[in-house]
Amino acid sequence: MSHGHSHGGGSCCHGDAHEEPPERRGQAWSLYLRIDLERLECLNERREGSGALVFRAWEDRGDRQKYRPWFCDGSHSSQTEPFVESDDDEELLFNIPFTGNVKLKGIIVMGEDDDTHPSEMRLFKNIPHMSFDNVAREPDQMFSLNRDVTGELEYPTKIARFSNVHHLSIHFSKNFGAETTKIFYIGLRGEWTEPHRHEVTICNYEAAANPADHKIDQIRPQTHFIS
């Protein structure tokens, strides 16, 4: 696999599947298991719920006929192929909440070998409920994408910038010229940690003593006069 560079976003992509066995690489791309699916959003998807289908095991990235849904509630989709296609235009926007804190290290984007493949990817961190109204803002990182039909090209992130991510927005703003964009797989590589829980400390404070609650027999001195 070739080693390509993309200078549009100042980032490079690596095709390095031969450097480690498939089972180890599959484990590296397991952050999809840490996505809060109930709150995941894909804006401008043609079929409702299809955006969630592209997040799956790395070893299943090419399984277009052997579709295995993994919704939390056990429900199944009528869609037979796990891909998402845009609706009104070529843009797609994913809002991806995680179940903890993520150090995001790399992303894979797999599509068709045609003009429906996305050509630009923009990343935003920790902006819940992002919409197309605010995608014009400066992204935390941007990539110019190459066509990838095998799910081998990795786009490494700036780890220092993506070291504490609890929500990731991915904006696919362009493709190679088609009216719609189609994505078959998105891989996320990195580390996950449980969210920090603030312990609630209950302190019992003793109120100031109330004299009425603690009656003390007062001894009154008596003075005797001897006449």
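**Core and aromatic pairs**

Student: Phenylalanine 55: buried or exposed?

Tutor: Phenylalanine 55 is buried, at a relative accessible area of 0%. Buried means under 20% relative accessible area, with a 1.4 Å probe and protein chains only. This is a predicted model: local features need pLDDT of at least 70, side-chain atom pairs count only at pLDDT 80 or more, and totals for chains, interfaces and linings use all residues. Residues are numbered from 1 along each chain as its sequence is written, and side-chain values use heavy atoms, leaving out hydrogens and water.

Student: How many aromatic pairs are there?

Tutor: The count comes to 4 aromatic pairs. Rings of Phe, Tyr and Trp (its six-membered ring) pair if their centres lie within 6.5 Å; planes under 30 degrees apart are stacked, over 60 edge-to-face, the rest tilted.

Student: How are phenylalanine 55 and phenylalanine 94 arranged?

Tutor: Their ring centres are 5.6 Å apart and their planes at 85°, so the pair is edge-to-face. Phenylalanine 55 is in the loop between strand 3 (41-43) and strand 4 (84-85), and phenylalanine 94 is in strand 5, 39 residues apart. Strands are DSSP E runs of at least two residues, numbered from the N terminus.

Student: Which residues form an aromatic cluster?

Tutor: Phe55, Phe94 and Phe172 form one.

Student: New topic. What sits over the ring of tryptophan 29?

Tutor: The charged end of arginine 189, 5.9 Å from the ring centre. The rule: NZ of Lys or CZ of Arg within 6 Å of the ring centre and within 35 degrees of the ring normal.

Student: And where does arginine 61 lie?

Tutor: Over the face of tryptophan 58, at 3.8 Å from the ring centre.

Key. Helix = DSSP H or I, 4+ residues; strand = E, 2+ residues; numbered from the N terminus. Buried < 20%, exposed > 50% of the residue type's maximum accessible area, 1.4 Å probe, protein only.
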